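Open the model in your viewer and follow the stops below. Each one says what to select and what to look for.

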Amino acid sequence: MMENEYFFLRNIHKALGLAPDNDRSKEQYPELFAAPDTRKILHRVRNRTAEERNELVELLRTNAQALGIHLHPAESEADAAAIVVEIIRSREPEFSHTKHVILHDHPDVAALQLWKRFTREAVTVHTTFSSDHELREKTIASFIGITAPAIGVAESATVIQLTRPGQPRSTSLVPSIHIALLRRDKLVADLEEAYTLLREEGRLDSMVFISGPSKTADIEAQMVHGAHGPREVHLIILPSSAGPPMAATGD
Amino acid sequence: MAGKTVSLFIQCLVDTMFPQVGEAMVAVFDRLGVPLAYPAGQTCCGQPAWNSGYRREAAAAARHFIEVFEGAEVIVCPSGSCVHMVRHHYPELFEDDPAMAAKARAVAANTFEFTQYLVDVLGVTDTESRFSGSVTYHDSCHLSRGLGIAMQPRTLLGNVRGLKLIEMRDSDTCCGFGGTFSVNYPEISTAMVDEKIENILATGADGVVGCDISCLMNIEGRLTRRGEKVKVLHIAEILAGLRGGDQ
Amino acid sequence: MKTSSPSTYREAAVAGIDSAQLQKSLQGLQNRFGKGAMELWAGMADQEMRDRVKESRMKTFEHLDIVLAELAKNVRARGGQVHFAVTAQDAVNYTLAVAKKNEVKRVVKGKSMTSMEVDIDPALEQEGIEVVETDLGEYIIQLAGDRPSHIIAPCIHLNRNQIGRLFTDKLGIDFTEDPPTLTMAARKALREKLLTADMGLTGCNLACAETGMISLVSNEGNIRMATTMPRVVVALMGMERVVATMAEHRETLQLLTRGAALQKLSTYVSFLGGPASKDDPDGPREFHLVIIDNGRSRILADPEFREVLACIRCGACLNICPVYGKIGGHAYNSPYCGPIGAVVTPLLDGINKHADLCKGETLCGACKDICPVKNDLPRMLSALRHKLAYGSDRWNTRQHNPAEARAFRVWRLLVTRPFLYRTLIGLGRIVQRPFIGKEGTIRKMAGIAAGWTAGRDLPPVARRTFHQLWKEKYAGNRPTAPTIETPEEK
């Protein structure tokens with residue numbers, strides 16, 4: 001053990017009235033890291049009826065509205081694509097003059113088939129393949145980033161974006177507008193359910209909970225959207241995936 | 001109802017500067033036929049020392065208090081902060097002395113604030129008092145937050161004939177007294193009491209009522225300095241009907 | 001007791017009280033967030049959550065060695081580097097070494113009180129490294145060469161006009177008072193800094209030992225930027241900012257964002273615990289977690305104060321404190337202001353040095369009620385005053401005011417000797433005579449009461465005390481009936 005760490009922990013031992021060189025370990029205190037019993041929650045999450053899911057979407061809609069999130073229910077991939085195309089057409093880039101859009105390497109995003117929808121307009125579509133060494137530049141150049149988060153949380157209008165190969169962190173951060181595609185079956189009621197699914201994920205990489213557009217109230221407590229992150233957030237609710245209902249990221 | 005003899009615990013400020021509040025309390029109890037006693041050896045509960053960190057001195061005062069009041073059937077005081085001191089801090093002062101701690105706990109359990117005793121113990125919600133005029137009520141911190149007493153005084157005031165109670169904004173925000181704080185940090189204390197006064201004035205009430213003379217002394221001291229005409233009354237004075245808004 | 005020359009705390013407090021802008025902002029803040037939080041707690045369906053979180057915080061502290069070791073193990077398993085810094089200087093040295101090794105030219109900071117506590121900016125700047133605050137409020141403070149005055153809203157003491165002029169001066173934009181326009185100007189200027197910085201330097205709101213990840217909350221997105229775009233990320237973490245499990249993390253986080261800004265969640269909650277994996281196309285190449293003691297183990301050791309470590313730094317106590325609500329944050333002269341600052345600053349930086357923080361409150365108890373983890377700050381303020389009253393070896397504290405101590409010793413003699421006590425009251429009645437004005441009150445006093453009479457009248461000692469009145473008017477002729485006649489029974 002490094003010297004610093006040794007002295008540091010020794011001070012804690014002293015503070016707790018323990019022998020300075022004691023080597024107590026977490027195995028002696030199983031309750032400290034005891035895993036909660038999540039079977040009930042998992043069962044609930046995995047067996048929601050269509051009606052219950054509708055209720056969750058309604059709850060999400062209410063909470064999303066309060067946070068300034070644009071919520072778009074989509075009947076199909078084509079429907080979603082039309083919504084996305086409309087957003088791309090109607091918005092102007094903030095930091096450049098050309099329209100670049102960057103997409104996560106994710107099947108739900110790929111299903112929009114955006115690359116073939118702008119034949120007569122100057123819209124450049126990039127995908128975040130992990131092998132791409134120019135990704136940073138492309139992300140900075142893009143005014144819209146499109147992702148498919150792993151989990152949505154109705155209670156707080158949150159999407160949970162896990163970092164994984166082909167799905168970098170900056171896509172939902174650096175562009176001025178963030179569009180998130182969420183399948184209905186990835187929507188859970190509250191954070192407790194979301195954390196339960198995250199636990200099921202096993203080892204987590206970096207991730208972010210996103211609840212609405214970037215905002216600040218630092219100048220005379222007046223709310224302004226778009227401090228550093230996206231100033232506009234769109235959440236498109238897609239139909240449930242065909243596969244087995246709800247593995248957190250079961251693509 | 002079996003009547004216990006109430007031993008009056010007269011806060012030092014009431015004793016020396018506002019004796020009429022003690023007299024008012026006597027009048028209310030007399031009207032209710034409550035037997036009274038006044039342990040003559042009482043001085044100060046020790047709160048000033050406690051608040052300034054002087055716990056040995058506070059403990060000495062507490063010890064004296066406990067000696068004086070130990071034999072009392074029940075102890076009643078017209079001050080929330082003094083009762084808070086006895087109830088919550090006395091037992092803490094003798095943590096290293098189990099015998100004294102036991103005595104302190106016994107005295108603590110037997111000590112009540114005036115309105116608390118009337119409403120919660122005696123079940124008296126109407127003292128058959130009269131007052132003509134409107135008042136607003138100030139929730140003193142140790143009374144409302146420390147002892148959880150907020151409805152009792154309002155209930156009693158609500159049953160005073162001729163009295164109109166107008167709630168002020170932020171009635172439970174501190175008036176800025178804080179014991180030695182008011183002397184050591186007068187600018188902050190004054191700024192705080194000024195806000196309290198703005199809230200009092202905004203009600204348009206003829207008077208402001210409270211259960212703690214220390215807060216009331218602070219509020220009154222500032223009101224008169226500012227030349228405001230609002231009357232300041234301890235609740236006992238209203239319940240005794242000694243003073244009216246139409247005097 | 002107090003000498004007549006005003007202290008720094010008092011001077012700064014007066015400046016705050018005299019600032020109309022600050023008074024307006026503080027009032028708005030307290031009306032919205034202070035009252036809002038109280039309503040939120042009252043309306044919470046799960047009324048046990050706050051107690052549960054407090055309990056889990058305290059349990060974590062009892063096993064802090066184990067929990068921190070587990071955190072370090074799991075961060076290292078992610079490829080992150082963990083440094084245990086016993087002192088502030090140690091944390092600064094380590095961070096500086098990381099910056100130098102990586103040839104860092106520009107550091108972007110996420111709002112971090114810990115970074116102010118260890119005072120890292122001057123050390124970096126001395127090495128020629130540019131340090132940029134990226135939280136809008138902190139950025140404004142940095143441009144103005146000012147100090148933050150609120151944990152969550154650092155530039156609450158500045159108005160839009162001042163900020164407009166500052167931006168014209170420092171960013172070269174046309175003068176405007178429009179908050180959205182000003183925000184966009186800062187967005188643009190800071191985007192450049194955030195995208196080109198070599199190192200991100202953040203605090204840590206809450207680390208989770210079980211997962212080996214820290215989490216950072218922000219509404220602006222600056223912290224996400226600062227932890228995503230630079231090559232190197234260093235997170236400074238007070239050693240108490242840790243929970244053992246994700247389950248504890250969830251509830252603690254929910255209290256944090258609710259207490260801070262009445263939000264179910266802040267806009268962003270970022271979790272990270274290591275460098276980007278080799279398949280990740282973005283994210284830092286190096287991640288360092290600096291776990292800082294800097295006086296915290298001394299707090300941990302003292303059962304009177306351990307509780308304060310449970311604080312989750314939401315700032316709710318500032319939003320209800322009637323003293324903070326008048327004086328603002330600058331008077332505390334510390335990165336930690338308000339009631340929490342009044343307790344934690346003396347404990348970290350010296351009780352004597354910050355005696356005014358210990359004594360400058362009314363102990364009204366509002367902070368205890370609003371605290372998401374129900375920290376009994378008034379109790380701890382009282383305990384700090386106890387240290388000042390007699391001195392304390394454990395806290396390297398000397399008796400603060402010997403004259404005051406003597407006065408209380410005399411006071412003790414009086415209150416334990418009724419005859420002396422009564423005699424003195426009689427004496428007071430005589431001594432006060434020259435001070436009583438024609439209104440019957442005392443308008444000007446010397447000595448300890450001068451502070452009182454500066455702004456308030458003082459009632460004189462009554463002609464007869466209650467003690468005397470009782471003897472004269474009430475003692476005889478007492479009803480002795482053992483029963484009480486209540487109005488109903490009449």
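Where pLDDT is low, the predicted coordinates should not be read in detail. Now colour chain B by pLDDT: its mean is 95, and 97% of its residues reach 70 or more.

This is a predicted model, in which local features need pLDDT of at least 70, side-chain atom pairs count only at pLDDT 80 or more, and totals for chains, interfaces and linings use all residues. Residues are numbered from 1 along each chain as its sequence is written, while chains are lettered from A and ligands numbered from 1 in the order in which they are written.

**Chain B: two domains**

Select 6-120 as domain 1 and 125-240 as domain 2 of chain B; the bounds come from an automatic or database domain assignment. Their centres, taken over C-alpha atoms, are 21 Å apart. Across the boundary, 28 residues of domain 1 of chain B are in contact with 25 residues of domain 2 of chain B.

**Chain A: the sheet**

Six of them form an open parallel sheet, in the order E1-E12-E7-E4-E2-E3. Strands pair if DSSP finds at least two bridges between them. Strand E1 (70-73) and strand E3 (123-127) of chain A each have a single partner strand, so one side of each lacks a neighbour in the sheet.

Finish on strands E7 (177-183) and E12 (232-238) of chain A, which pair in the parallel sense over seven bridges. Click Ile177(A): its bridge partner in E12(A) is Glu232(A).

Terms used:
Contact = placed C-beta atoms within 7 Å. pLDDT = per-residue confidence, 0-100. Helix = DSSP H or I, 4+ residues; strand = E, 2+ residues; numbered from the N terminus.
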